[in-house]
Every structure is written in C-alpha cells, then in structure tokens.
Amino acid sequence: MSRSYKLILAALTVLLLSFAVNVSASFSRASASHILVKDEAKAKELLKEINEEGADFAELAQTHSSCPSGKKGGSLGSFSPGQMVPEFNDVVFGAEYDLNVVHGPVKTQFGYHLILITERS
C-alpha cells in the first residue's frame with residue numbers, strides 16, 4: 001500500500017469518526033422508556049411479544065420491569081447525556097438508533113433493558 005493511500009485512508013477515518021462523534025453529541029436531551037429484567041431470555045421473549053404480537057410496551061413494563069419506572073409504563077422522562085449508565089446512554093443518544101423503535105436487549109450492571117426512545121433534541 002502506498003504512503004499517500006495510507007494518508008488518505010487515515011484522513012478519511014478521522015473525518016468519519018469525528019462526524020460520528022458530532023452527530024451523537026448533537027443531542028442534548030432525550031426521553032425514553034425501558035423494561036428492565038434480570039435475564040436476557042426474558043428480555044428477548046418480551047421483545048418478541050412487542051414486535052411479533054403487538055403487545056403494548058407500557059403494559060409489559062408495568063407487569064415485568066424490575067425498575068420502579070415500570071409503574072409508569074417504563075417512562076424515565078427526559079434526561080441528558082451521561083445521566084444513565086454508558087451502555088444505556090449509548091443507545092439513547094446514538095444517532096444510529098431510531099426513535100419509537102424498541103431496542104435491545106441491552107446489558108448493563110442492572111440487568112437487561114428493552115429501550116424505547118421517544119424523543120431527542
């Protein structure tokens with residue numbers, strides 16, 4: 001590989017990485033709901049109920065989530081980057097994750113989350 005090719009490749013890599021950082025950093029607030037369960041199998045089962053059977057996310061959160069937010073249908077309200085554990089934060093503020101789609105299971109120190117991002121600004 002020629003030296004100039006390597007320099008161009010390095011420059012493009014830096015440019016793409018800085019774009020990715022700037023896109024995700026451009027969100028200063030988000031609103032999300034989640035369902036927290038202890039094991040991945042249960043999270044996958046609930047995700048299947050949502051995606052294939054049309055189950056209501058909030059109802060499943062009330063019934064199955066081990067987080068106190070489950071009583072509110074899993075709603076965590078609005079928060080800023082860095083307020084949640086890194087794995088959760090990366091999904092909620094990651095530009096590659098669509099709004100109003102259930103993402104997961106996402107493993108954190110608390111268990112497995114199904115995350116519904118409802119707003120970013």
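## A buried arginine

Arg120 is buried (under 20% relative accessible area, with exposed meaning over 50% and partly exposed in between, for a 1.4 Å probe and protein chains only), yet Arg120 has no salt bridge, and Asp98, the nearest side chain of opposite charge, is 6.5 Å away. Here a salt bridge requires a side-chain nitrogen of Lys or Arg within 4 Å of a carboxyl oxygen of Asp or Glu. Lys and Arg are treated as positive and Asp and Glu as negative, while His and the chain ends are not counted.

Arg120 is placed in strand β4. Its side chain reaches the backbone oxygen of Val92 at 2.7 Å, and a polar atom of that side chain lies 3.0 Å from the backbone oxygen of Gly94. Contacts of Arg120 (heavy atoms within 4.5 Å), leaving aside neighbours within four places in sequence, are with Phe27, Arg29, Ala30, Val91, Val92, Phe93, Gly94, Tyr97 and Leu99.

## Basis of the model

The structure is a predicted model, in which local features need pLDDT of at least 70, side-chain atom pairs count only at pLDDT 80 or more, and totals for chains, interfaces and linings use all residues. Residues are numbered from 1 along each chain as its sequence is written, and side-chain values use heavy atoms, with hydrogens and water left out.

## Overall architecture

The protein contains four helices and four strands, arranged along the sequence in the pattern α-β-α-α-β-α-β-β. These elements are DSSP runs numbered from the N terminus, with helices being H or I of at least four residues and strands E of at least two.

Of the 121 residues, 35% count as buried. The accessible surface comes to about 7,400 Å², and 56% of it belongs to carbon and sulfur atoms; such areas come from the Shrake-Rupley method with a 1.4 Å probe, and for residues only the protein chains shown count as cover. Among contacts between residues at least 6 apart in sequence, 60% join residues at least 24 apart.

## Nonpolar cores

In soluble globular proteins, nonpolar side chains tend to be buried together. A nonpolar core is defined as a set of buried Ala, Val, Leu, Ile, Met, Phe, Trp, Tyr and Cys residues joined through side-chain atoms within 4.5 Å. The largest such core has 13 residues, of which Ile35, Val37, Leu46, Ile50, Phe57, Val102 and Leu114 touch the most other members. Two or more residues are given to this core by each of β1 (30–37), α2 (40–53), α3 (57–64) and β4 (111–120). Helix α2 supplies the largest share, four residues.

Phe57 touches Ser33, His34, Ile35, Ile50, Gly73, Val102, Leu114 and Leu116, when residues up to four places away in sequence are not counted. A second, separate core has 12 residues, including Phe27, Phe79, Val106 and Ile117.

## Surroundings of Phe88

Phe88 is located in helix α4 (residues 86–92). Because its relative accessibility is 3%, Phe88 counts as buried. Residues up to four places away in sequence aside, Phe88 touches His34, Leu76, Phe79, Val106, Thr108, His113 and Ile115. Phe88 and Ile115 are 27 residues apart along the chain, and their C-alpha atoms are separated by 8.1 Å.

Side chains of opposite charge can pair when their charged atoms come close. A search of the whole structure finds two salt bridges. In one of them, Lys44 pairs with Glu40, with the closest N and O atoms 3.7 Å apart. Both Lys44 and Glu40 lie in helix α2, four residues apart, about one turn of the helix. Lys44 is partly exposed at a relative accessible area of 46%, and Glu40 is partly exposed at 35% relative accessibility.

Glu45 forms a salt bridge with Lys42, the closest N and O atoms being 3.1 Å apart. Glu45 and Lys42 also lie in helix α2, three residues apart, about one turn of the helix. The relative accessible area is 40% for Glu45, which is partly exposed, and 22% for Lys42, which is partly exposed.

## Backbone geometry

Most residues other than glycine have a negative phi, and most peptide bonds are trans. Gly104 and Pro105 are joined by a cis peptide bond, with omega about 5°; Pro105 is found in strand β3 (residues 102–108).

Asn100, although not a glycine, has a positive phi of about 60°. Asn100 is placed in the loop between α4 and β3, and Asn100 is exposed, with a relative accessible area of 55%.

Technical notes
Polar contact = N/O pair within 3.5 Å; in protein donor to acceptor, adjacent residues only side chain to side chain.
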